[in-house]
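Let's take a friendly walk through this structure together. Have the viewer ready, and we will go from one region to the next.

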Amino acid sequence: MKIPKRIQPLIEDGLVDEVLRQLMSGKEATVYVVRCGSEIRCAKVYKEAGKRSFKQAVQYREGRKVRNSRRSRAMEKGSKFGRDEQENLWQNAEVDALYRLAAAGVRAPTPYGCFDGVLLMELVTDDSGEVAPRLNDVVLTEEQAKHDHDIIIKDIVRMLCAGLIHGDLSEFNVLVDSHGPVIIDLPQAVDAAANNNAEWMLERDINNMRNYYGMFAPELLETKYAKEIWALFEAGKLTPHTELTGLFDEPIEEADVDSVLQEIQDAFEEEQDRLARINSSNDED
């Protein structure tokens, strides 16, 4: 096929030998199947900021650290240089996340580097060598759904212990090979400790997975892994080896009835005093 303009420099540098076909086009990138020597990989070409349809990107960027103070100031001011640096940060976020996930033992594509907005990474395939299907295209048995859900939950925990939350995890961002689910699409991954939206993003990720696998294994719909995992994380007790139950009791604070009644009585007495002062003032007039 015709070589995409953004991939041409990788051809010239010998990083890619041939572009075989387009695999998919999504909200933030177009992915191609490429040949690199004897290996078949994929090249993810990120779309320019103005052409991406990914919503609320600012929420995901919160907490991402920029060591260079000049770059940081430029990004805050929104200058052209700052916008270019923000774009570089967005494009490199996924490859950085993939390296961290690999070190944490999370099942995700192996990265081979990001070059001018083109991410080279492993092409996840099935036993026949074809591109692995997305989770939303797979029909599961009840047992398989429970098994794969357990794998996903453990990977989410490993990711969180590595300081990351996917932020957009759903059945459309998970591939399924012969060994089970593989998490993909991480340019929006957030810093679990530095992002104020971290808790609800984690809860949404986990509940998306619960709801999808729950279509095949309804008992999963009763689980509360999101609340349990976050509570352990906040308490500093979450590790990759933590045994989870899927149960969580929402804290219920007993109402202090005596205090409430006392506040009502105090307010009543203050009002009586106010009325008495008004009446006294009227009498004097």
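**A guided tour**

Glutamate 269 has a relative accessibility of 41%, so it counts as partly exposed; buried means under 20% relative accessible area, exposed over 50%, and partly exposed in between, with a 1.4 Å probe and protein chains only. Please keep in mind that this is a predicted model, where local features need pLDDT of at least 70, side-chain atom pairs count only at pLDDT 80 or more, and totals for chains, interfaces and linings use all residues. Residues are numbered from 1 along each chain as its sequence is written, and side-chain values use heavy atoms, with hydrogens and water left out.

Glutamate 269 lies in helix α8, residues 257-284; helices are DSSP runs of H or I with at least four residues, strands are runs of E with at least two, and both are numbered from the N terminus. Isoleucine 264 is also found in helix α8, and its relative accessibility of 51% is why it counts as exposed.

Now turn to the strands. β4 (residues 111-115) and β5 (residues 118-122) run antiparallel and are joined by four bridges; strands pair if DSSP finds at least two bridges between them. Cysteine 114 has leucine 119 in β5 as its bridge partner. Two residues sit between the strands of this hairpin, where aspartate 116 takes a positive phi near 50°.

Our last stop is cysteine 42, in strand β3 (residues 39-46). With a relative accessible area of 5%, cysteine 42 is buried.
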